[in-house]
Amino acid sequence: MKLVVGLGNPGAEYRETRHNVGFLVIDELARRWGVGQWREAFESLAAKTARGGEAVLLCKPLTFMNLSGRAVAGIVGFYKVPPEDLFVVTDDVALPLGRLRARRGGSDGGHNGLKSLAQSLGTEDYARLRIGVGRGDIQASDGRVVGRPDMADQVLGRFRPDERDTISAAILRAADASEMFIAEGIERVMNVFNAAERQDGAREPDSAP
């Protein structure tokens, strides 16, 4: 079984915030696959389906971001999902808006959801896909960064109208990457999507885990 987890916060007040792009990717996968039957289990909304003859579980933790690991560990333990079959999709302020970055493991990079997963699972060796939501830098007329919003305000805020096309396209690409992980594994995702994201010549942030 493959387990695809999108991180986010439950509740209408958090819908479509930057922190909830993981939820939006799970919703896109459910739409593509015609998944309509969700159930609440292990403090998550979960839906089980099959792709290419393999069982797949879609998951949206209901514990709020900072306790995501508690929910994911419950599902991993019940279904006995090995780390190599877990794929986590989350936001990242360290990446430019709309940029994707896949990794087969690594540190939490200061992300509270990933930190919770590492604590609850006892490992950082699981595949993850980070979606850039931007830092919200305030720039001077010459392009210099002269300020940044409070990080909590940034991730819990919604995308501006001029950002929506970019993030909508990123969610579609992230859903494509999730499908590729299920079919071909994380190495293939990294080779295809990380390379594609670098084609514009933009430099990855040094802080990216």
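The lining of the second largest pocket splits into five nonpolar, one polar and five charged residues (Ala, Val, Leu, Ile, Met, Phe, Trp, Tyr, Cys and Pro count as nonpolar, Asp, Glu, Lys and Arg as charged, and the others, Gly among them, as polar). This is a predicted model, where local features need pLDDT of at least 70 and side-chain atom pairs pLDDT 80 or more, while totals for chains, interfaces and linings use all residues. Residues are numbered from 1 along each chain as its sequence is written, and side-chain values use heavy atoms, with hydrogens and water left out.

Helix α5 (164-184) hands over the largest share of that lining, five residues. Both α1 (21-33) and α5 supply at least two residues each. Helices are DSSP runs of H or I, at least four residues, and strands are runs of E, at least two, numbered from the N terminus.

Now for Lys2, which sits in strand β1 (residues 2-6). Lys2 counts as buried because its relative accessibility is 11% (buried is under 20%, exposed over 50%, partly exposed in between, with a 1.4 Å probe and protein chains only). Its side chain makes a polar contact with the side chain of Glu54 (3.2 Å); such a contact is a pair of N or O atoms within 3.5 Å, where, within protein, one must be able to donate a hydrogen and the other to accept it, and residues adjacent in sequence count only if both atoms are side-chain atoms.

Arg39 belongs to strand β2 (residues 39-41) and is partly exposed, at 46% relative accessible area. The Arg39 side chain makes a polar contact with that of Tyr79 (2.9 Å).
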